[in-house]
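The sequence and structure are shown first.

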Amino acid sequence: MEQIFTLLSAVSATPVIDQRTLAGITGISVGKVNALIRSAEQDGYLVTGREGKKSRLTLTDKGHRMLEQMLLSRSGAKLTFPPSARADTAVILAGGKRAGFDRPICLQPLGEDGQTLLDRMLNVLTVCGIQRTIIVTGWQDEMIRQHLGNRSDITILHNERYKWNGTMSGLALVEKALKDWNVRSFIVIKSDLVFEQRAIQSLLETRAPFAALLTAPGGGSDELLAELDENGCIFRFSKDIRQINRVQGEMTGIARISMEGFERMLEYFSHNMNPLISYEYVMESVGRLYRFTGVMVDDLCWGKIESPEDYRELLRLTYSRIERKERQMQEQYARDMMRKILPDDEVQEVQFAGGLTNTNYLIQADSGRYILRLPGRMTESMINRNNEKRNAQVASDYGFNCHLVYCNEKTGVKLSSYIENAETLTPRTVRLEENMALAADILGRLHRSDIVWQNEFNVFEEALRYEQLLDDPGRMYSGFPALKRKVFAMLRPRLEELGWEQRPCHNDLVAANLVKNSVTGRMYLIDWEYSGTNDPMFDIAALFLENDFSAEDEELFFHYYYGEHPQPAASREKILIFKILQDYLWSTWTVLKESRGDNFGTYGLDRFTRAQKNIDLWEKRF
């Protein structure tokens, strides 16, 4: 039995393994290992399979129980939950009520922009790659629901017994949702916290499937102290320092739990007679048999709000420190990225250079100045980076784009040479005649060039793709089905009748993508994320629409764009159709982005309303 125990203990830690390696780990001969595996399978302790050239040995529930019983009589030995995939789901426990507050702690604002603790927490989770979040509410459930709206990436569960139950009771409510989604690992967070992004990143990066985030004790009134054993496992939690032999950290209220670990927690909780028990103590109890790792993040800047005094201290000092540290870390990340791209170039200065969908940095290096782009959230599902890299390089070679130094189609990271004496145009300056002539010239040269894109930008297909990415079609604006029918039943056939020319196009003519060297007067087109073959009138419609061109402005632009050549008779109708289609497309894009937590105010609705008005105008005029 001892050898079976040794074998199964090794299998619990390394389920995918070959027999020779397993023999080396256990100190048992290869022949005996094979015999033990057959015996354990016959007795129902494990199930064998193949994964490549190795065996996959999966412990059954009976196997786990046998190990647990044997471990009860041993000292120091612990089982290990099998490795789990990177967590893509988070659970936020937001059921509690705090004295001195008229709303849940998570809805307290952090600054003048109105961002709440919950908003920041959700943003951090999204940036770290969390795709779904479950929020367990209690007190003032409706206030949290109203604040979040109908975000498709958030599920809200109400704990009706929040007045009498602790956090483990709320956590137990998520079992069905996690199993329905086939979640293998998740992050759990208490909602009264504000913390640096690296708190979540540290748990996502750890290989430990059952772990709690620790940091140096801060001396708060409600700190939960941790003691570790010699293997870095959590031995004990206590709020009473007199019960801790050696204080080695403070529990932050953030943990990572594999589904195997969660099942053990639920089993323990099912026999529990104290409804007020917190989930950390349930993890500690499971940790008597299984490795419960303490992930220490040194010098973590964070805050926990237990009282109005804590909240005032957070606003006075802690939150500004968190923001400052995160800026410093982001800048350091930009420096590190530059070292990978240009290893022989010394970075002198890094400055944030704005960005809405992406984050941009102005980099001053020994060899010159550059713009480093770090991609934003959701861009991997909305942008084809292979097309962007290929098209941006061709546009750079032809002189339309600034010099492209580096573009990674897998990560979306891009480095471009800085445009000296750069003047980024605004909707107002685009309409100045000098700049209008430059814009007409560069667009005309692009549309008439011999560039051959390998991809097409089809506004109809793009709109349908955004709809498919939207989890809840009911989020679309009132009147959307009627507008969609007209777009596909009337505008698409009409474009085919008019002739849908296919030329190299930029397809995203917002003012910020037009940059001029104010000394030489040379115009550049930047950001080729949406580039592809399309009708040139799509680009012109975008220029007019995004920069508020009047009828007189449009007429002047045509003078420079066509020059002595006659303007095609169908061009004005095509431009109106493309204006409608762009408002339809980007309003759908906005709904998709807002479903994942972004806030664009009335931008999407304004575009949708304008599309409705313009399609009525098109029907009357054409």
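**Contacts and burial**

In the protein, 71% of the contacts between residues at least 6 apart in sequence join residues at least 24 apart, a contact being heavy atoms within 4.5 Å. The model is predicted: local features need pLDDT of at least 70, side-chain atom pairs count only at pLDDT 80 or more, and totals for chains, interfaces and linings use all residues. Residues are numbered from 1 along each chain as its sequence is written, and side-chain values use heavy atoms, with hydrogens and water left out.

Of the 622 residues, 54% count as buried, that is, under 20% relative accessible area with a 1.4 Å probe, protein chains only.

**Overall dimensions and secondary structure**

The C-alpha trace spans about 95 × 65 × 55 Å along its principal axes. The protein contains 22 helices and 24 strands, taken as DSSP runs of at least four residues (H or I) and at least two (E) respectively, numbered from the N terminus.

**An open sheet**

An open sheet is formed by 3 strands in the order E1-E3-E2, with antiparallel pairing; two strands pair if DSSP finds at least two bridges between them. Because strand E1 (16-17) and strand E2 (46-51) each have a single partner strand, they stand at the edges, and one side of each lacks a neighbour in the sheet.

Strand E3 (residues 54-59) is joined to E2 by 6 bridges. Val47 stands opposite Thr58 in E3.

Key. Buried means under 20% relative accessible area, exposed over 50%, partly exposed in between (1.4 Å probe, protein chains only).
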